[in-house]
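Open the model in your viewer and have the selection tool ready.

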Amino acid sequence: MPPDTALAFTAMRELRTTLSDRRAFVTQVDEMQRPEGYRLVGILPGQGKDAVAVAGFRLLTSLSWGRHLYVDDLSTVASARGQGLAGQLLAWVHDEANRLGCREIHLDSGVAPNRYAAHRLYLNSGYVINAHHFFRTL
């Protein structure tokens, strides 16, 4: 929820390395992304402490995929990796997608070697690689 958005910053910065300002992160998420349907869920080690793992996602409907949940972000702080936290968040996301009546869950993941552990998690969680993602910088 908006009062707790800042607690996601440290974990999110592990994945989104260009993030440098907690306040700018909170503003972007709360004022721009949440109104577009973006949601954040995280695992916190204690009340008011920064999350050690976070997932950011949106509920969408498209002609190609129908009603689906799209995972924008899934990140764990380096010191908490290997504990199954990202898998716990993915399991929660799967339950939430079912609850919301989604037919599918989608995500994109970079192809650099530092993403191989994430790819293993996705493949072991039942995801398949079914497309190439193209983009063009303007």
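Start by selecting the cover over the buried residues of α3: it includes β1, β2 (53-62), β3 (66-76), β4 (104-107) and α4 (116-124). Cover here rests on contact, meaning heavy atoms within 4.5 Å. Helices (H or I, at least four residues) and strands (E, at least two) are DSSP runs, numbered from the N terminus.

A word on the model: it is predicted, so local features need pLDDT of at least 70 and side-chain atom pairs pLDDT 80 or more, while totals for chains, interfaces and linings use all residues. Residues are numbered from 1 along each chain as its sequence is written, and side-chain values use heavy atoms, leaving out hydrogens and water.

Now select α3 itself, residues 85-99. Its 15 residues reach 21 Å from first C-alpha to last, close to the 21 Å expected at 1.5 Å a residue. That expected span is 1.5 Å times one less than the number of residues.

Which residues of α3 are buried? Color Leu 85, Ala 86, Leu 89, Leu 90, Val 93, Glu 96 and Ala 97. They cover an arc of only 135° around the axis, which puts them on the same side of α3. The arc is that of the directions from the helix axis to the C-beta atoms. Buried means under 20% relative accessible area, exposed over 50%, partly exposed in between (1.4 Å probe, protein chains only).

Turn to the other side of α3. Asp 95, Asn 98 and Arg 99 are exposed there. Just after the helix, pick Gly 101, which has a positive phi of about 80°.

Next stop: α2, residues 22-33. This helix has 12 residues and reaches 15 Å, close to the expected 16 Å. Select Phe 25, Val 26 and Val 29, which are buried. Their arc is only 100° around the axis, which puts them on the same side of α2. Their cover includes α1 (9-15) and β1 (39-43). On the other side of α2, find Arg 23, Glu 31 and Met 32, which are exposed.

Zoom in on the start of α2. A side-chain oxygen of Asp 21 comes to within 3.1 Å of the backbone nitrogen of Arg 23.

Finally, show the whole chain. It has four helices and four strands, in the order α-α-β-β-β-α-β-α from the N terminus. Its C-alpha trace spans about 40 × 40 × 35 Å along the principal axes. Of its 138 residues, 33% count as buried.

Notes
A polar contact is a pair of N or O atoms within 3.5 Å; within protein, one must be able to donate a hydrogen and the other to accept it, and residues adjacent in sequence count only if both atoms are side-chain atoms.
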